[in-house]
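Open the model in your viewer and keep the sequence panel beside it. The tour goes from the whole chain to single residues, one selection at a time.

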Amino acid sequence: MQPRSPSVPGVGNPAGRSPVPPGMTTIGIIGAGNIGSQVARVAIGVGYDVVISNSRGPETLADLVAELGPKAKAATAEEAAAAGDFVVVTVPLKNYQEVPVEPLAGKVVIDTNNYYFERDGRIPALDRGLDTTSGMLQRHLVESFVAKGFNHIFAADITTDALPVGAEDRRALATASDFEEAAELVQRFYDELGFDTVNVGPLAESWRVERDQPAYVVRQTRSELVENLAKAQRPDPEQTVA
Ligand SMILES: NC(=O)c1ccc[n+]([C@@H]2O[C@H](COP(=O)([O-])OP(=O)(O)OC[C@H]3O[C@@H](n4cnc5c(N)ncnc54)[C@H](OP(=O)(O)O)[C@@H]3O)[C@@H](O)[C@H]2O)c1
């Protein structure tokens, strides 16, 4: 997969492995909280198998897996990473460097992260608008294909706002990636779950759908999302105190 716009220094194209294999049936999920459990529910609803993990170990996910049924399995983060044809990383940003690197090499990784300094601690490059959360994850997962996804929708809305293809007022969600095929995978997944897509471009543009921007956690159609993305404004690095 060729990087379409190498906005992240040092991110290359891991050779020889297809990131989007045909017949993908299993999603690895790292993080089993609000978003991880909800993505698991809706993915199973459209036919995927999921292997889901948290920080405390698979035994602590017994209730969730029982609720999700036979298409769900609890595992460690390493096992979920290895099992997924593609993988959703949905842990608090402060823990992103704990995400296993090797088993995610060559895979598309959907990153739901947002930066909340109250939870994650101050990250000066984000405060100053000089980096993005997904760019940070991409540099950690240097041989993976990171795409932003599900970061600007409340977890509960993933079920309540889903609509079939072509429905009037279908909600749109954004993605961004330095790899076109990774963004296309997110688009197909959104579509299966009930959402239109707006591709924001490379990860360097993903700040446009983050916290405090007009497109963040509001219900919007594709055209409304495009308008909101255009209204996004980044902090002036000279005016921010890190
Ligand atoms: N909540 C929303 O509606 C929403 C919407 C869009 C985006 N987001 C963003 O998505 C991310 C996740 O949010 P959330 O609300 O789902 O968080 P959450 O409910 O706090 O759940 C976080 C999950 O991550 C797991 N985790 C933490 N460190 C881990 C590690 N090193 N390895 C494996 N799993 C680990 C936790 O496991 P333990 O419980 O075992 O520690 C927990 O299952 C955040 O960046 C958030 O800002 C949230």
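Contact here means heavy atoms within 4.5 Å. With that meaning, look at the whole chain of this predicted model: among contacts between residues at least 6 apart in sequence, 68% join residues at least 24 apart. Colour by secondary structure to find nine helices and eight strands. Switch to a surface view next. Of the 242 residues, 54% are buried.

**The largest nonpolar core**

Select Ile-27, Phe-86, Phe-150 and Phe-189. In the largest nonpolar core, which has 37 residues, these four touch the most other members. Elements that give two or more residues to this core are the strands β1 (26–30), β2 (49–53), β4 (86–89), β5 (108–111) and β6 (145–148), together with the helices α1 (34–45), α2 (62–68) and α8. Another core lies apart from this one; it has 31 residues, among them Leu-104, Val-109, Ala-172 and Leu-203.

Now centre on Ile-27 and show its surroundings. Beyond residues up to four places away in sequence, Ile-27 touches Ala-43, Tyr-48, Asp-49, Val-50, Val-51, Gly-84, Phe-86, Val-88 and Phe-189.

Move to Phe-150, in the loop between β6 and α7 (157–160). Is Phe-150 buried or exposed? Its relative accessibility is 1%, so Phe-150 counts as buried. Its phi is near 60 degrees, a positive value in a residue other than glycine.

**Helix α8**

Select residues 180–193, which form helix α8. At 1.5 Å a residue, its 14 residues should span 20 Å, and the end C-alpha atoms are 20 Å apart, which agrees. Highlight Ala-182, Ala-183, Leu-185, Val-186, Phe-189, Tyr-190 and Leu-193, which are buried. Viewed down the axis of α8, the buried residues fall within an arc of 155 degrees, so they line one face of the helix. An α-helix has 3.6 residues a turn, so residues three or four places apart point the same way. Step just past the end of α8 to Gly-194, where phi is positive, about 120 degrees.

**Asp-120**

Select Asp-120, in helix α4 (residues 117–120). Its relative accessible area is 11%, which is under the 20% limit, so Asp-120 is buried. Show its side chain and those around it. Which side chain makes a polar contact with the side chain of Asp-120? That of Arg-119 does, at 2.9 Å. A polar atom of the Asp-120 side chain also lies 3.5 Å from the backbone nitrogen of Leu-93. Leaving aside neighbours within four places in sequence, Asp-120 is in contact with Pro-92, Leu-93, Lys-94, Asn-114 and Tyr-115.

**Towards the end of the chain**

Go to Val-217, in the loop between β8 (196–199) and α9. Phi of Val-217 is near 45 degrees, again a positive value in a residue other than glycine. With 22% relative accessibility, Val-217 counts as partly exposed.

Finish at Gln-233, in the segment after α9 (222–231). Gln-233 counts as exposed because its relative accessibility is 64%. Neighbours within four places in sequence aside, Gln-233 is in contact with Trp-207 and Gln-213.

Key:
Residues numbered from 1 in each chain as written. Predicted model: local features only at pLDDT ≥ 70, side-chain atom pairs only at ≥ 80, totals over all residues. Heavy atoms only, no water. Helix = DSSP H or I, 4+ residues; strand = E, 2+ residues; numbered from the N terminus. Buried < 20%, exposed > 50% of the residue type's maximum accessible area, 1.4 Å probe, protein only. Polar contact = N/O pair within 3.5 Å; in protein donor to acceptor, adjacent residues only side chain to side chain. Expected span 1.5 Å × (residues − 1). Arc of directions from axis to C-beta. Core = buried A, V, L, I, M, F, W, Y, C linked by side-chain atoms within 4.5 Å.
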